[in-house]
Amino acid sequence: MILGATVKVISRFNSIANEIRDLKEDINKLATIDETIKGIHKDVLLLDKRFDIHMRDYENRKETVQMVLGQLNEKIDHKSERFEGEIKDIERYLEKREDYKIRASATE
């Protein structure tokens, strides 16, 4: 009877020791996973900063392009107004000569 109880106690200690060993292995695996997650987190933060920089760069370029397009539109409008005035001056000059007739539209 004592021998049976001793065997049970020893087998119980062995199972506890095995469970402790398994827990240590799990803790080591979790520590490795934690290190990996920390590394990935650093990489994600770095990528987030890079993306933020690219987004700011894109927004700045977009604003610059819109500003340049606005300036080009103003120049085009100014030039077309000047040309319209010059064309009217030329039409008046040609009308005074009386030997040149100006069409009312381009389809005539």
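Helices are DSSP runs of H or I of at least four residues, strands are runs of E of at least two, and both are numbered from the N terminus. The expected span of a helix is 1.5 Å times one less than its number of residues. The model is predicted: local features need pLDDT of at least 70, side-chain atom pairs count only at pLDDT 80 or more, and totals for chains, interfaces and linings use all residues. Residues are numbered from 1 along each chain as its sequence is written, and side-chain values use heavy atoms, without hydrogens and water.

The protein chain holds 1 helix and 0 strands. Helix α1 covers residues 2-97, 96 residues in total. Its first and last C-alpha lie 139 Å apart, close to the expected 142 Å. Glu98 follows α1 with a positive phi, near 65°. The C-alpha trace spans about 140 × 25 × 10 Å along its principal axes. Of the 108 residues, 1% count as buried (under 20% relative accessible area; exposed is over 50%, partly exposed in between; 1.4 Å probe, protein chains only).

The structure holds 7 salt bridges (a side-chain nitrogen of Lys or Arg within 4 Å of a carboxyl oxygen of Asp or Glu). Among them, Asp52 pairs with Arg56 at 2.3 Å, N to O. These two residues are 4 apart in α1, about one helical turn. Asp52 is partly exposed at 34% relative accessibility, as is Arg56 at 48%. Glu86 and Arg82 form another salt bridge, with their closest N and O atoms 3.8 Å apart. Asp89 meets Arg92 at 2.9 Å, N to O. Here the separation in α1 is 3 residues. Salt bridges with shared partners also join Arg21, Asp22 and Glu25 into one network.
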